[in-house]
Amino acid sequence: MRKNVYFISDAHLGSLAIPHRRMQERRLVRFLDSIKEKAAAVYLLGDMFDFWYEYKYVVPKGFTRFLGKLSELTDMGVEVHFFTGNHDIWAYGYLEEECGVTMHYQPLTTEIYGQVFYLAHGDGLGDNSGSFKLLRRMFHNRTCQTLFSAIHPRWGMQLGLDWAKHSRLKRADGKEPPYMGENKEFLVLWTKEYEQHHPNIDYYIYGHRHIELDLNLPRVEGHTPRMLILGDWITQFSYAVFDGEHLFLEEYVEGESRL
């Protein structure tokens, strides 16, 4: 009997802008615990932490329940794939060595049960904002990362957490803008363009936008690709699950996971 494959993103654990962050982490851990016997793999598609920066001998404090659950899953033989987002880029080996996860720093095209998936956090794909592009280049620049590492963790972590809090609170009600439609949503536009040159992909799955979206793309060479944006684990508690034949976008109801 095939086991399920799960996809989650955007928990932003540790965010100073989320008053219920301890409750939120516990809820995520309970969800992971509820699927551990049914899961072949779990794909975490970025921004699981609101700010994660690994120094040579120091990692962010907290998240013990979440990190422990990831370790339990990998010890059981469940594949856990961790994609860096724009809030948790700075992972340099700790999660692999201590938790047994497989790290992904770039989008991934992979086959799951005979279907081809394109998986990515979604930042940098089609967003033409000049300020965002500049910030992203700085975050990924090795020289900038080395300079930041020279800041004492006491100040470096506070700086990162404050930046992430400011980034969220400057939005209306601290939320991402709602779905803007196929002709304006940058991830949809980017995916349609990408699909023209990669007609073999069956499913595209992203995080980043904090909206739930399940969209059939225009038919290409005899098949209709499908695109999902996963929502978040701040207010929506949503995830996708693939059982080998069907892909579902679900919301976790406390105490149950239907699939």
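The dialogue below takes up the overall fold, a helix pair, aromatic rings and a few individual residues.

Modeller: Please keep in mind that this is a predicted model.

Biologist: How many helices and strands does the protein chain have?

Modeller: The protein chain contains seven helices and 11 strands. Of its 259 residues, 52% are buried. Among contacts between residues at least 6 apart in sequence, 67% join residues at least 24 apart.

Biologist: How should I read the packing of two helices, and at what angle do α1 and α2 pack?

Modeller: Begin with the angle and the distance between the axes. Helix α1 covers residues 21-35, and helix α2 covers residues 64-75.

Biologist: Which residues of α1 and α2 meet?

Modeller: On the side of α1, the residues include Arg22, Glu25, Leu28, Val29 and Leu32. On the side of α2, they include Phe66, Lys69, Leu70 and Leu73.

Biologist: Let us turn to the aromatic rings. How many aromatic pairs are there?

Modeller: Two rings are paired if their centres lie within 6.5 Å. By this rule, the count comes to 31 aromatic pairs. One of them is formed by Tyr6 and Phe31, with 6.2 Å from centre to centre and 80 degrees between the planes, an edge-to-face arrangement. This pair links distant parts of the chain, since Tyr6 belongs to strand β1 and Phe31 to helix α1, 25 residues apart.

Biologist: Are Tyr6 and Phe31 buried or exposed?

Modeller: A residue counts as buried under 20% relative accessible area. Tyr6 has 0% relative accessibility, so Tyr6 is buried. Phe31 is also at 0%, and therefore counts as buried.

Biologist: Why is the pair of Phe7 and Phe117 called stacked?

Modeller: Planes under 30 degrees apart count as stacked. The planes of Phe7 and Phe117 are at 15 degrees and the ring centres 5.7 Å apart, so this pair is stacked. Because Phe7 lies in strand β1 and Phe117 in strand β6 (residues 115-120), the pair ties together parts that are 110 residues apart in sequence. Phe7 is buried, with a relative accessible area of 0%, and Phe117 is buried with a value of 0%.

Biologist: Which residues form one aromatic cluster with Phe7 and Phe117?

Modeller: Phe7 and Phe117 form one cluster together with Tyr43, Phe83, Tyr113, Tyr203 and Phe242.

Biologist: What lies over the face of Phe237?

Modeller: Here one looks for a charged side chain above a ring. Arg27 lies over the face of Phe237, at 3.8 Å from the ring centre.

Biologist: I have read about positive phi values. Where is Asp47, and what is its phi?

Modeller: For Asp47, phi is near 55 degrees, a positive value in a residue other than glycine. Asp47 is in the loop between β2 and α2, and is buried, with a relative accessible area of 2%. His210 is not a glycine either, and has a positive phi of about 60 degrees. The loop between β7 and β8 holds His210, which is buried at 9% relative accessibility.

Biologist: How should I compare separation in sequence with separation in space?

Modeller: Take both values for one pair of residues. Ile201 and Tyr118 are 83 residues apart along the chain, and their C-alpha atoms are separated by 6.8 Å. Ile201 is located in the loop between α7 and β7, and counts as buried at 1% relative accessibility. Leaving aside its neighbours within four places in sequence, Ile201 is in contact with several residues, among them Val116, Tyr118, His223 and Pro225.

Biologist: What are the two values for Gly62 and Gly14?

Modeller: Gly62 and Gly14 are 48 residues apart in sequence, and their C-alpha atoms are 7.8 Å apart in space. Gly62 is in the loop between β2 and α2, and at 39% relative accessibility counts as partly exposed.

Biologist: How many residues separate Val253 from Phe31 in sequence?

Modeller: Val253 and Phe31 are 222 residues apart in sequence and 9.0 Å apart in space, C-alpha to C-alpha. Val253 is found in the segment after β11, and counts as partly exposed at 45% relative accessibility.

Methods
Residues are numbered from 1 along each chain as its sequence is written. This is a predicted model: local features need pLDDT of at least 70, side-chain atom pairs count only at pLDDT 80 or more; totals for chains, interfaces and linings use all residues. Side-chain values use heavy atoms; hydrogens and water are left out. Rings of Phe, Tyr and Trp (its six-membered ring) pair if their centres lie within 6.5 Å; planes under 30 degrees apart count as stacked, over 60 as edge-to-face and the rest as tilted. Helices (H or I, at least four residues) and strands (E, at least two) are DSSP runs, numbered from the N terminus. Buried means under 20% relative accessible area, exposed over 50%, partly exposed in between (1.4 Å probe, protein chains only). A charge sits over a ring if NZ of Lys or CZ of Arg is within 6 Å of the ring centre and within 35 degrees of the ring normal. Axes are lines fitted to C-alpha atoms, for helices over the stretch in contact, and angles run from 0 to 180 degrees between N-to-C directions. Contact means heavy atoms within 4.5 Å.
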